[in-house]
Amino acid sequence: MMGLSPLSSCAEDKKSSTTNTSITKPPIVTNVKLFGVPITSNALSLLKEVEAAYDKKIKEEMADMDLSYRAESEVTKDGTPVIRLNKNRSKNETDIVHELWHLKLNAEGSPEVGWHPLTGASPIINQAFTKNMNELVYDPILHAKFYPEMRKWGYIPDFSEKENIAIFIQNIPSGEKENEINGSVAYFQACLEIDDPSLIAQFEEWYKQHNLHHPLAVGKSMVEIFKTSKSDTPEQQIDIYIKCLNLLLENTAQFKVGRYGTKMLGTFSRREVVIVIMPPNKKKS
Ligand SMILES: [Zn+2]
C-alpha cells in the first residue's frame with residue numbers, strides 16, 4: 001500500500017517487541033496427537049501442564065461454527081477441559097495451542113466474566129451493552145499476554161487476525177454508532193495481537209482516509225491504557241478490561257468490578273467475577 005503514515009506509537013511498540021520474540025527452542029514434533037494433529041514438544045509440555053491443572057484429559061470436539069471462528073474452549077460442569085475446533089476450517093496446531101493457553105490461564109485464576117445488570121433497564125438493553133464485549137475487549141488482553149510466548153515457540157498466533165484486517169479494510173464505514181465502537185475495538189485488537197508494524201500503519205491510514213478520527217482516537221486510548229497498566233495478574237487484566245469498557249461505552253454505561261468468587265466444577269475450582277453495569281456519567285455541559 002502506498003503513502004503510509006509514520007508508524008504509530010502502537011506500531012513502534014510492536015517493532016521493539018519483535019526483537020524479544022526470537023524462537024527459544026526449535027519445535028520438535030512428537031508422536032502425540034491432538035485432533036489427529038501431531039504436536040510439538042512445546043505444545044506437549046503445555047498439554048501436560050493443563051491436564052495436570054484440571055486433573056483430567058482434554059476432551060476434543062469438532063463443532064459447526066461460523067467461518068469467522070477458529071476454535072473455542074470451556075470447562076464443563078464436571079470440570080473437564082474441552083477444546084472445540086471449527087469443523088468448517090482446516091485443523092492446525094496453532095489453534096489447538098491457542099485454546100490450551102486459554103485453559104491454562106483459566107486454571108491460573110483468569111475469571112469467567114458475568115454481568116450484574118443495570119437496575120431498571122430491560123434484559124435486552126443490558127445485553128446490548130455487553131454483547132460480545134468479553135470476546136472483543138477482554139480476549140485481546142489475554143492474547144497480548146500469551147501471543148509473545150507462542151511466537152517464542154515458533155507459531156504465528158496472529159495469522160488469522162492479519163487476514164481479518166485485510167477483510168475489515170475492504171468495508172466502507174457507515175458512521176453509525178455501532179460501527180464507531182467496532183472501529184475502536186478493531187484498532188485495539190490489532191495493536192494487542194498483531195506483530196507487524198507496517199500492517200498496523202496501513203490500518204491506521206485507513207481510519208484517516210475514511211475520516212474515522214474518533215474511533216481511532218478511542219482505540220488508541222484503549223491501547224494506551226493497556227500499555228501503561230500492569231497486566232500480570234488476572235485482577236490487573238480485569239481492571240484494564242473495565243477501564244477500556246468505561247472509555248469505549250462512556251456515553252452508554254459505566255462498569256465496575258462487583259465481586260470475585262469461585263464455582264466448583266467437579267474437583268476444579270473456577271474463578272468468576274461479576275462486573276456491575278451502572279448508568280453513564282452525566283456529560284459535562
Ligand atoms: Zn483466544
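The model is a predicted one, with local features requiring pLDDT of at least 70, side-chain atom pairs counted only at pLDDT 80 or more, and totals for chains, interfaces and linings taken over all residues. Residue numbers start from 1 along each chain, following the sequence as written.

The sheet is open and has three strands, ordered β3-β5-β4, with mixed pairing. Strands here are DSSP runs of E with at least two residues, helices are runs of H or I with at least four, and numbering goes from the N terminus; two strands count as paired if DSSP finds at least two bridges between them. Since β3 (59–63) and β4 (71–75) sit at the edges with a single partner strand each, one side of each has no neighbour in the sheet. From one strand to the next, the twist averages 25° (axes are lines fitted to C-alpha atoms, for helices over the stretch in contact, and angles between N-to-C directions run from 0 to 180 degrees).

Five bridges join β4 to β5 (residues 81–86) in the antiparallel sense; serine 73, for one, has isoleucine 83 in β5 as its bridge partner. Helix α3 (residues 93–107) lies across β4 and β5 and runs at about 30° to β4.

Turning to helix α8 (residues 197–209), this is where phenylalanine 203 is found. Phenylalanine 203 counts as buried because it has 25 C-beta neighbours inside 10 Å (buried takes 20 or more other C-beta atoms within 10 Å, exposed 12 or fewer, partly exposed in between, with C-beta atoms placed from the backbone). Neighbours within four places in sequence aside, phenylalanine 203 is in contact with Ile165, Ile169, Tyr187 and Ala190, contact being backbone-placed C-beta atoms within 7 Å.

Technical notes:
Contact = placed C-beta atoms within 7 Å.
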